[in-house]
Amino acid sequence: MSRYAKRGVSAQKEEVHAAVKHLNPGLYPYSFCKIYPDFLCNDKDWVSIMHADGAGTKSILAYLYWRETGDLSVWKGVAQDAIVMNLDDLLCVGVTSSLLFSSTIDRNKKLIPGEVLAAIIEGTSSFFDQMSEYGVDIHFMGGETADVGDVVRTVAINGTMTARWPKANLITNEAIKSGDVIVGLAGFGKANYENAYNSGIASNGLTSARHDLLNQTYKQQFPESLDPSMEIEVAYTGPYTLSSEVVDQDNRYTVGELLLSPTRTFAPVIKKLLEEIPHAIHGLIHCSGGGQTKCLKYLPGSFKVVKDNLFTPPLVFKLIQEASKSDLREMMQVFNMGTRLEIYTDIKQAQSIIDIAESFGVAAQIIGRVEEAAKKELIIQHQNEQLVF
């Protein structure tokens, strides 16, 4: 059993997929989000889309950081995580505006006071204001704040996002074809619309990242931050504290800064791409849960995807791999490894996509290609290794 599984989580969510396999797959089975008929207005040319996600166990990292430092601003970043994990999934079906968002915050009231709730809500509104500057209009519809100390040990920050969207403007991944190349967008660095360096960690794999990097101090001081049934050999086994400093190319960061970097949104980039060269985009994949293997679920045929030019993983993933001694296969299945959004396109359009992304300060490059095959297959060539999925 992997370290990830021993911590009570699953990168591939096998049990979840098994539980929902008989549900309606929606109008387009290969689309990144489920797409349904326009139930609200019954317009055959429009669809309904709804998505629910959240910051996951990154909320626990924010809790630890806040307890250590008293710095409430950390909750602003986690509010962004909960939004972007919804927003960027919806980007992958072409939705870039007229979005509704409802938040859900479950807390243990004895540990999470009202000032933390206020910081989360203020962070939510602040992010929406920032996105409106780029024409991405998201309307905050309120939500639910529940005091459920018997259910939640600290706090869980989640949300639901929905939209009506014209069918003509959808990205359903059905246009992905043999001969396409894949332009990858980096989740790390500093985009023009970000205030600081982004480590690229996003909001997947944080259970393993937290326990692999942070030391036993946190289990002793904050036992509420982990499942009491977790096996001791995988609980807070790392060498660092959140204030530990690490160096990368003469830049100094704390481990806390790297782990709590807010999930980057690609909304400004995708909105401009869809406005200027919409037909260039054959498919979009957000490398969230499942990391670099996510694409296998959304290929519209028996294709082989070859990724042989992924970004060099940024520092945070190197630290996690060194501390956990995980092999490359597990790292690729759990983490985005720095390459977080995949755009499937024709080779002739790739440079235009790269240029638009880079105009926002987002690194982009061709990371791979799509080939005909007898069955769905993913080959990753990286760091002198070849992995087959």
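Trainee: Does N173 count as buried or exposed?
Mentor: Relative accessible area is judged with a 1.4 Å probe on protein chains only: under 20% is buried, over 50% is exposed, and anything in between is partly exposed. The relative accessibility of N173 is 0%, so N173 counts as buried.

Trainee: What kind of model is this?
Mentor: Residues are numbered from 1 along each chain as its sequence is written, and side-chain values use heavy atoms, with hydrogens and water left out. Local features need pLDDT of at least 70, side-chain atom pairs count only at pLDDT 80 or more, and totals for chains, interfaces and linings use all residues; the model is predicted.

Trainee: Where does N173 lie?
Mentor: N173 is a residue other than glycine with a positive phi, near 70 degrees. Helices (H or I, at least four residues) and strands (E, at least two) are DSSP runs numbered from the N terminus. N173 lies in the loop between β5 (155–166) and β6 (181–186).

Trainee: Is Q249 buried or exposed?
Mentor: Q249 is not a glycine, yet its phi is positive at about 50 degrees. Q249 is placed in the loop between β7 (245–248) and β8 (251–254). With 71% relative accessibility, Q249 counts as exposed.

Trainee: How many disulfides does a search of the whole structure find?
Mentor: A disulfide is a covalent bond between the sulfur atoms of two cysteines. The criterion is a pair of cysteine sulfur atoms within 2.5 Å. The number of disulfides found in the whole structure is zero.

Trainee: Which cysteine has the sulfur nearest to that of C295?
Mentor: C295 is in no disulfide. Its relative accessible area is 1%, so C295 is buried. The nearest cysteine sulfur is 7.1 Å away and belongs to C287.

Trainee: Which residue is the bridge partner of F101 in β4?
Mentor: Strand β3 (residues 99–107) and β4 run parallel and are joined by eight bridges. In β4, the partner of F101 is F140.

Trainee: Which elements give two or more residues to the lining of the second largest cavity?
Mentor: On a 1 Å grid over the protein atoms alone, a cavity is a set of points where a 1.4 Å probe fits but cannot get out, and lining residues have an atom within 4 Å of a point. The second largest cavity is lined by residues including A79, F101, I120 and I157. The elements that give two or more residues to its lining are α4, β3, α5 and β5.

Trainee: Which residues of helix α10 are buried?
Mentor: Helix α10 covers residues 315–324, and just after α10, K325 takes a positive phi of about 60 degrees. The buried residues of α10 are L315, V316, F317, L319, I320 and S324.

Conventions: Two strands pair if DSSP finds at least two bridges between them. On a 1 Å grid over the protein atoms alone, a cavity is a set of points where a 1.4 Å probe fits but cannot get out, and a pocket is an open set with protein on both sides within 12 Å along at least five of seven lines; lining residues have an atom within 4 Å of a point.
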